[in-house]
Amino acid sequence: MSRIDELRHAISEKGRLLVLFSGGLDSGLLAKLAHDSLGSDAAALTIDSPVIPRHETVVARALADEIGISHHVVTVDELNEPHFQENPPDRCYHCRKSRDTRAWQWAREHGFPAIADGLNYSDLSDYRPGLQAANEDGIWHPFIEFKVGKDEIRTLSKELGLSGSDRPSMACLASRFPHGHSVSAQRVDRVDQAEQYLR
């Protein structure tokens, strides 16, 4: 069984699956595999937030259209949370908990018993407090389960003809600020505008 078939088989066993979909390389491949495996029983959910670069949401919509997967967007505003604004080292943990709560709410409302994300095996070599939160929240990580790393994700994406297989990874705008340096809507917007100009 090929790697792609192995992943498709595992996905198909979920019956219905909601993919947390940023529009990046990892979640893009997962959404493609989910759509191929489950058809209308797969959906992609994008979290829109002030700390997500504006152009990333546009990219996510375009990639979902290319894949053909049912795509939905929900809004979360982490900047309303004082703990997030303070930007502590575990900021990503609390952010992920908030997003997972919103994702599970949407999933239950629409009849999805399982949620998966595109975290991959290479992510285990980095400090990922968000991974701990996702594990606690029952999010499935198929690329970690099957030990699929970043390089293999690029290879599989090219094999399936997905656009954006050469796109660099993109972190949220809050990651531009050192821990302890407070994050505000004004500062985040300034960074987003600067990066749009540089692009």
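Modeller: A crossing is left-handed if the near helix is turned anticlockwise from the far one by less than a right angle, and right-handed if clockwise. This is a predicted model, where local features need pLDDT of at least 70 and side-chain atom pairs count only at pLDDT 80 or more, while totals for chains, interfaces and linings use all residues. Residues are numbered from 1 along each chain as its sequence is written, and side-chain values use heavy atoms, without hydrogens and water.

Biologist: Which hand has the crossing of helix 2 and helix 8?

Modeller: Left-handed. Helices are DSSP runs of H or I, at least four residues, and strands are runs of E, at least two, numbered from the N terminus.

Biologist: Why are helix 2 and helix 8 called oblique?

Modeller: They pack at about 50 degrees, with axes 10 Å apart. Angles under 35 degrees count as roughly parallel, over 145 as roughly antiparallel, 65 to 115 as roughly perpendicular and the rest as oblique. Helix 2 and helix 8 are therefore oblique.

Biologist: Which residues of helix 2 meet helix 8?

Modeller: Leu-25, Asp-26 and Leu-29. Contact means heavy atoms within 4.5 Å.

Biologist: What makes Lys-32 buried?

Modeller: Its relative accessibility is 18%, so Lys-32 counts as buried. The class means under 20% relative accessible area, with exposed over 50% and partly exposed in between (1.4 Å probe, protein chains only). Lys-32 lies in helix 2. Leaving aside neighbours within four places in sequence, Lys-32 touches Ile-67, Leu-160 and Leu-162.

Terms used: Axes fitted to C-alpha atoms, helices over the stretch in contact; angles between N-to-C directions.
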